[in-house]
Amino acid sequence: MDDRATTSGEPAGRPAPGGATGPGGLTCLVTGATGYIGGRLVPELLDAGHTVRCLARSPERLRDHPWAGRAEVVRGDVTDPDSVAAALRGTDVAYYLVHALGTGPGFEDRDRSAARIFAEQARAAGVRRIVYLGGLTPADVPARELSPHLRSRAEVGDILLGSGVPTAVLRAAVIIGSGSASFEMLRYLTERLPVMVTPSWVGTRIQPIAVRDVLRYLVGAATLPPEVSRTFDIGGPDVVTYEQMMRRYAAVARLPRRLIVRVPMLTPRLSSHWIGLVTPVPRSLARPLAESLRHEVVCHEHDIARYVPDPPGAPVPFDRALELALQRVREAKVTTRWSSASLPGAPSDPLPTDPDWAGGSLYEDCRERDVNASPQALWRVVEGIGGKNGWYSFPLAWAVRGWLDRLVGGAGIRRGRRDAARLRVGDSLDFWRVEELEPGRLLRLRAEMRLPGLAWLEMYVDDRAPGSAPATGGHASRYRQRALFHPHGLLGHLYWWSVSPFHAVVFGGMARNIARAAESLPPSPPPDHPRRAGG
């Protein structure tokens with residue numbers, strides 16, 4: 001699921017003073033808060049005067065969000081009845097925003113089981129409303145002919161509607177917003193391929209919707225009348241084909257006109273490989289997205305407007321949604337991304353130095369360098385690593401490793417960064433995930449590439465040790481770098497020894513070039529990092 005856990009509903013944070021619900025506000029539980037929609041919904045609910053509780057497997061991944069001090073976070077898992085029951089206690093409205101998309105065979109069973117647990121526990125807890133964001137499905141297509149993704153989303157909606165709790169199932173097709181998987185897929189396909197050989201599904205009609213309209217409807221659904229329990233189709237004002245979406249994106253982004261040639265024999269499976277090669281979206285996610293586009297997904301009603309009236313200018317037209325998303329990307333104001341949720345199958349074990357570590361073999365590659373630059377300058381380089389800035393050593397080796405990862409269904413190195421200069425815990429960073437961040441001192445990354453083991457990369461910034469030679473300009477710092485690998489079986493050990501001869505070039509060059517980059521930076525004031533909640 002988007003949020004998985006093994007522990008029960010343990011409070012990990014409380015609303016800060018002053019963050020209490022306003023008059024008439026509700027207590028809302030948001031599942032999937034580490035994901036794309038959930039991470040954006042939480043501040044919208046808070047700003048609407050509601051109290052928000054988030055259910056997350058790893059509460060620490062929410063700690064650096066701007067709204068973290070205003071919301072309560074509980075540790076839990078939607079597949080664990082006890083943690084769900086604890087999280088729902090005292091809740092008025094429960095948002096169900098998790099799914100098992102891309103987790104491999106059996107994901108429909110996992111979706112079904114989790115939805116049943118949530119429905120049963122919501123009814124037992126006396127929850128007044130469930131709100132679920134599902135997928136828009138064609139009315140005239142039997143369930144057995146739908147893509148597995150759409151079929152599962154529809155089934156989850158039916159389970160929640162049958163819970164005995166008033167439920168609003170909002171059904172959306174393609175969501176357009178900065179960082180969404182659908183937008184990133186559209187963006188990269190259009191920008192990188194001036195000539196495209198496309199599958200037949202590019203001629204299928206779709207009704208996309210801007211992410212801001214999705215959020216507006218989700219917030220409004222919290223206060224629906226208690227007798228309302230049904231599905232609502234939500235979409236923007238434009239009905240277009242995917243080919244038209246690509247052409248209109250090119251026009252909005254001021255790209256030359258694209259040449260598009262349809263090839264009917266390109267199946268969703270082949271399309272997912274094509275999408276995986278051209279875009280940052282991995283094949284495991286691209287395939288269900290492509291399969292979902294085989295059928296026409298157009299709204300059959302707009303009844304939601306009776307309860308959540310559309311303000312002037314809404315729903316947002318498709319071209320305007322593209323403009324807003326591109327503006328966010330260019331201004332580096334992307335608050336959440338499709339990769340905010342952990343990649344299915346990615347490792348999530350604790351660092352081997354943590355107290356929970358159970359032992360086993362552990363390989364390390366350690367590097368240290370004195371740097372003739374201030375700790376602040378060095379930290380700017382460390383925090384800015386990855387994405388367009390690269391990894392400061394042997395770019396071809398990093399690129400090849402990324403391509404190999406993509407070929408076996410991994411994330412690859414093209415997920416980039418959410419923000420060009422700043423990181424927060426939980427951010428995806430190429431084929432890494434930010435596991436720990438101590439501003440000005442430590443960046444710890446956990447590998448999400450396909451490996452026969454678990455891997456981490458740590459980067460430390462320290463003041464130079466007493467007694468060291470003074471640096472030019474009187475500023476001095478020390479850079480420490482540590483790569484760790486915990487092998488799984490013989491294959492893991494063979495992997496480490498096969499790549500270790502290249503570590504001097506890759507990791508040694510990385511430490512050397514990070515130091516040089518810091519030394520070449522002009523002096524600047526220390527970065528203004530926001531304080532953490534409670535700190």
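This is a predicted model: local features need pLDDT of at least 70, side-chain atom pairs count only at pLDDT 80 or more; totals for chains, interfaces and linings use all residues.

Helix packing, then. Two packed helices are described by the angle between their axes and the distance between the axes. Take helix H5, residues 181–192, and H7: the axes come within 9 Å and cross at roughly 70°. An angle of 65 to 115 degrees counts as roughly perpendicular, and H5 and H7 are therefore roughly perpendicular to each other. The crossing of H5 past H7 is right-handed. On the H5 side, the contact is made by Ser182, Phe183, Met185, Leu186, Arg187, Leu189, Thr190 and Glu191. On the H7 side are Tyr242, Met245, Met246, Tyr249 and Ala250. By type, the contact of H5 with H7 has nine nonpolar residues, two polar and two charged.

Next, the packing of H7 with another helix, H11. H7 covers residues 242–252 and H11 covers residues 318–330. Their axes are 10 Å apart, at an angle of about 55°. That angle makes H7 oblique to H11. The crossing of H7 and H11 is right-handed. Which residues of H7 meet H11? They are Met245, Arg248, Tyr249 and Val252, and in H11 they meet Phe318, Asp319, Leu322, Glu323 and Leu326. Here the contact residues divide into six nonpolar, no polar and three charged. If you look at the spacing of those numbers, the general point is that an α-helix has 3.6 residues a turn, so residues three or four places apart point the same way. Met245 and Tyr249 of H7 are in the list for H11, and Met245 and Tyr249 are also in the list for H5.

Now the buried helix. H12 runs over residues 375–383, and seven of its nine residues are buried, so H12 is largely enclosed by the rest of the structure. The buried ones are Pro375, Ala377, Leu378, Trp379, Val381, Val382 and Glu383. What covers them? The cover includes strands S15 (363–371), S17 (432–438), S18 (442–447), S19 (453–463) and S20 (477–487), along with helix H15 (503–520).

On to cysteines. A disulfide is a covalent bond between the sulfur atoms of two cysteines.

Last, the backbone. Most residues other than glycine have a negative phi, and most peptide bonds are trans. Ala314 and Pro315 are joined by a cis peptide bond, with omega about -5°. Pro315 sits in the loop between helix H10 (304–307) and H11. Then Arg254, which is not a glycine, has a positive phi of about 60°. Arg254 is in the loop between H7 and strand S14 (259–262), and Arg254 is exposed, with a relative accessible area of 77%. Asp430 is not a glycine either, and its phi is positive at about 55°. Asp430 lies in the loop between strand S16 (428–429) and S17.

I am happy to go back to any of the helix pairs or loops.

Definitions and conventions
Residues are numbered from 1 along each chain as its sequence is written. Side-chain values use heavy atoms; hydrogens and water are left out. Axes are lines fitted to C-alpha atoms, for helices over the stretch in contact, and angles run from 0 to 180 degrees between N-to-C directions. Helices (H or I, at least four residues) and strands (E, at least two) are DSSP runs, numbered from the N terminus. Angles under 35 degrees count as roughly parallel, over 145 as roughly antiparallel, 65 to 115 as roughly perpendicular and the rest as oblique. A crossing is left-handed if the near helix is turned anticlockwise from the far one by less than a right angle, and right-handed if clockwise. Contact means heavy atoms within 4.5 Å. Ala, Val, Leu, Ile, Met, Phe, Trp, Tyr, Cys and Pro count as nonpolar, Asp, Glu, Lys and Arg as charged, and the others, Gly among them, as polar. Buried means under 20% relative accessible area, exposed over 50%, partly exposed in between (1.4 Å probe, protein chains only).
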